[in-house]
Amino acid sequence: MVHVLSSRVLLRPADPERSRAFYGTALGLEIYREFGTGPERGTVYFLGGGFLEVSGRTAGPPTETLQLWLQVADAAAAHQELLAHGVEVQRAPAQEPWGLIEMWIADPDGHRIVLTEVPADHPLRYRP
């Protein structure tokens, strides 16, 4: 199976400043990293080891405001494994302008999942 190294839930809020106030101030989550500038900048908070709970049932459609980000050791190998298991790959692994290798799939309900490989020379792997 795909060997997941870490995971992250991606939230696309209607009001980023309000959401940062909620997660950073109200909940008191510590900041892992920030990127970009201005009101649309990104903030990543620590959530421990990261988890995804699948439970209950819904009749509603998937929400486009929720995506899963899963780090894998080897995106090409994960791509082959997923194809072998009949998973529809929406976009094959490709290196993004920010240096990560990303592949896109969706769960059976249509929730978008990004499988990401952090190359050995990427800044996330070291501090200059």
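**Core and salt bridges of a predicted model**

Modeller: The largest nonpolar core has 11 residues in all: Leu68, Leu70, Val72, Ala75, Ala78, Leu82, Ile101, Met103, Ile105, Ile113 and Leu115. At least two residues of this core come from each of β4 (66–72), α2 (75–84), β6 (101–106) and β7 (112–117). The model is predicted, so local features need pLDDT of at least 70 and side-chain atom pairs count only at pLDDT 80 or more, while totals for chains, interfaces and linings use all residues. Residues are numbered from 1 along each chain as its sequence is written, and side-chain values use heavy atoms, with hydrogens and water left out.

Colleague: What makes a set of residues a nonpolar core?

Modeller: The set must consist of buried Ala, Val, Leu, Ile, Met, Phe, Trp, Tyr and Cys residues joined through side-chain atoms within 4.5 Å. Buried means under 20% relative accessible area, exposed means over 50%, and partly exposed lies in between (1.4 Å probe, protein chains only).

Colleague: How do you know whether Gln67 is buried or exposed?

Modeller: The relative accessible area of Gln67 is 11%. That value is under the 20% limit, so Gln67 is called buried. Gln67 is found in strand β4 and touches Arg8, Val9, Leu10, Arg12, Arg112 and Val114, not counting residues up to four places away in sequence. In the protein chain, 26% of the 128 residues are buried.

Colleague: Why is the pair of Arg20 and Glu17 called a salt bridge?

Modeller: A salt bridge requires a side-chain nitrogen of Lys or Arg within 4 Å of a carboxyl oxygen of Asp or Glu. The closest N and O atoms of Arg20 and Glu17 are 2.9 Å apart, so the pair qualifies. The two residues are three apart in helix α1 (residues 16–26), which means that about one helical turn separates them. Arg20 is buried at 12%, whereas Glu17 is partly exposed at 39%.

Colleague: What does the salt bridge between Arg41 and Glu17 tie together?

Modeller: Its N to O distance is 3.2 Å. Arg41 lies in the loop between β2 (31–35) and β3 (42–45) and Glu17 in helix α1, so the pair ties together parts that are 24 residues apart in sequence. Arg41 has 27% relative accessibility and therefore counts as partly exposed.

Colleague: How do you know that Arg91 forms a salt bridge with Glu96?

Modeller: Their closest N and O atoms are 2.6 Å apart, which is within the 4 Å limit, so the pair is a salt bridge. Arg91 is partly exposed at 22%, and Glu96 is buried at 11%. Elsewhere, salt bridges that share partners join Glu17, Arg20, Glu34 and Arg41 into one network.

Colleague: How many salt bridges does the structure hold?

Modeller: The structure holds four salt bridges.

Key: Helices (H or I, at least four residues) and strands (E, at least two) are DSSP runs, numbered from the N terminus. Contact means heavy atoms within 4.5 Å.
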